[in-house]
Amino acid sequence: TYTTDTTSREENKKTIDSLYNLSVDIKKIRRLKEWVLLQDVAYVKEVASILQEMGADETTVAHILERCPEAILHTPAEVNSQRALWQLVCQNEKQLIKLIQQFPESFFTTEYHENQKANILFFQELGLKNNIITRFLTSAPSIFYNPVEKNRNVIETLQRNYLSLGGSDANMKIWILKLLSQNPFILLNTSTTIQENLEFLQKNDFTDHEVLQLLSKLKGFIFQLTSTTMQKSMLFSKSVFKCSDQELKQLVLKCPALLYYSVPILEERLEGLLKEGISVVQIRETPMVLELTTQIVQYRIKKLSALGYDIKSGTLESLSGTKKDFEVNYGKIQSKKERPIFNPVAPINIED
């Protein structure tokens with residue numbers, strides 16, 4: 001156990017000396033997490049030694065301890081347990097030390113060791129590949145802190161709903177794995193939230209097939225919403241686009257962002273588009289443009305205007321889409337503009 005209470009405490013000289021011998025920037029630690037240097041017990045040499053055993057050179061060890069100084073407060077037994085745990089999904093120690101260097105905080109969170117282990121084994125049983133599990137360990141470590149029963153419960157709720165919405169047994173595993181890969185934070189929700197959000201869509205006349213379509217399009221982010229926020233966003237869109245319930249449903253299927261983004265975000269983005277001279281009618285025809293931030297829209301309009309493309313009179317298709325989609329559209333417009341107009345029947349001027 002260690003404390004972050006720094007009042008009337010002195011730095012541990014032994015810790016300072018050990019860090020200094022490892023070429024660690026002690027000023028950096030003082031600035032960011034001085035409390036680590038005040039603890040009575042630290043395992044600087046032992047932790048450094050384990051990292052070196054895994055293949056870390058002096059610079060890498062120093063970098064890891066500067067990024068995550070609390071690593072030195074873990075016992076060698078705790079660090080070795082984490083090492084064995086992460087080796088379950090890492091190809092080799094070279095990959096493991098690279099991950100520790102990039103994400104030291106995730107590796108040195110040892111309090112949930114048993115939950116982490118149970119969840120790794122559960123994800124492997126589920127069919128998730130080890131490279132996906134390592135991505136989860138580094139980018140979404142909190143999902144491993146849940147008891148495995150909670151994560152299992154959420155997965156079972158998703159599977160049950162997938163089948164009840166008309167999904168097939170044959171495709172269910174692929175669907176679940178894809179959903180998890182896209183958004184592992186689904187597991188931080190409760191089974192009740194998942195149930196309530198799906199029921200909300202059904203009450204709003206989305207067919208089972210359309211609900212499945214929305215789940216896939218929204219990559220599971222729908223479970224991070226509430227029925228109240230979804231209701232408000234839908235009412236806002238209905239009022240802006242002056243459409244019937246059926247038309248609104250089609251707009252949401254075309255652009256799930258209308259369901260996902262809160263009213264203030266939709267308002268701000270709509271306002272940004274209108275300021276650029278784009279009409280509500282144009283936005284209704286291509287609602288996907290609301291998926292983009294105002295800054296991205298302004299940047300793209302500027303680039304297209306430089307080519308002489310008038311966004312006010314044209315379609316918004318060339319404006320929407322991912323960065324890659326936009327670059328492709330921009331390239332097409334650019335090459336069309338640069339291509340010389342050739343008239344095959346025009347007389348050829350030949351100088352005498």
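**Side-chain contacts**

Tutor: Glu66 and Lys28 form a salt bridge, in which the closest N and O atoms are 4.0 Å apart. Glu66 belongs to helix H4 (residues 58-67) and Lys28 to helix H2 (residues 26-33), so this pair ties together parts that are 38 residues apart in sequence. Glu66 is buried, at 14% relative accessibility, while Lys28 is partly exposed at 30%. The model is a predicted one, and the distances and accessibilities here are computed from it.

Another of them joins Asp17 to Lys13, with 3.1 Å between the closest N and O atoms. These two residues are four apart in helix H1 (residues 13-21), so about one helical turn separates them. Asp17 is partly exposed, with a relative accessible area of 35%, and Lys13 is exposed at 61%. Lys275 and Glu271 also form a salt bridge, their closest N and O atoms being 4.0 Å apart. Both lie in helix H17 (residues 263-275), again four residues apart, or about one turn. Lys275 is exposed at 69%, and Glu271 is partly exposed at 49%.

Arg269 lies over the face of Tyr261, 4.4 Å from the ring centre. The charged end of Lys303 sits over the ring of Tyr330, at 4.3 Å from its centre.

Next come the rings themselves. The whole structure holds 10 aromatic pairs. In one of these, Tyr112 and Tyr145 have ring centres 4.2 Å apart and planes at 15 degrees, so the pair counts as stacked. Tyr112 is in the loop between helix H7 (104-107) and helix H8 (113-126), and Tyr145 is in the loop between helix H9 (130-139) and helix H10 (148-164); the two are 33 residues apart. Tyr162 and Trp175 are stacked too, because their ring centres are 4.5 Å apart and their planes are at 25 degrees. Tyr162 lies in helix H10 and Trp175 in helix H11 (residues 169-182), 13 residues apart in sequence. Both residues are buried. Ring pairs also link Phe122, Phe123, Phe136 and Phe144 into a cluster.

Cys90 has its nearest cysteine sulfur, that of Cys68, 17 Å away. For Cys255 the closest cysteine sulfur is in Cys243, at 12 Å, which is too far for a bond. Cys90 is buried at 9% relative accessibility, and Cys255 is buried at 0%.

Note on methods. Residues are numbered from 1 along each chain as its sequence is written. This is a predicted model: local features need pLDDT of at least 70, side-chain atom pairs count only at pLDDT 80 or more; totals for chains, interfaces and linings use all residues. Side-chain values use heavy atoms; hydrogens and water are left out. A disulfide is a pair of cysteine sulfur atoms within 2.5 Å. Buried means under 20% relative accessible area, exposed over 50%, partly exposed in between (1.4 Å probe, protein chains only). Rings of Phe, Tyr and Trp (its six-membered ring) pair if their centres lie within 6.5 Å; planes under 30 degrees apart count as stacked, over 60 as edge-to-face and the rest as tilted. A charge sits over a ring if NZ of Lys or CZ of Arg is within 6 Å of the ring centre and within 35 degrees of the ring normal. A salt bridge is a side-chain nitrogen of Lys or Arg within 4 Å of a carboxyl oxygen of Asp or Glu.
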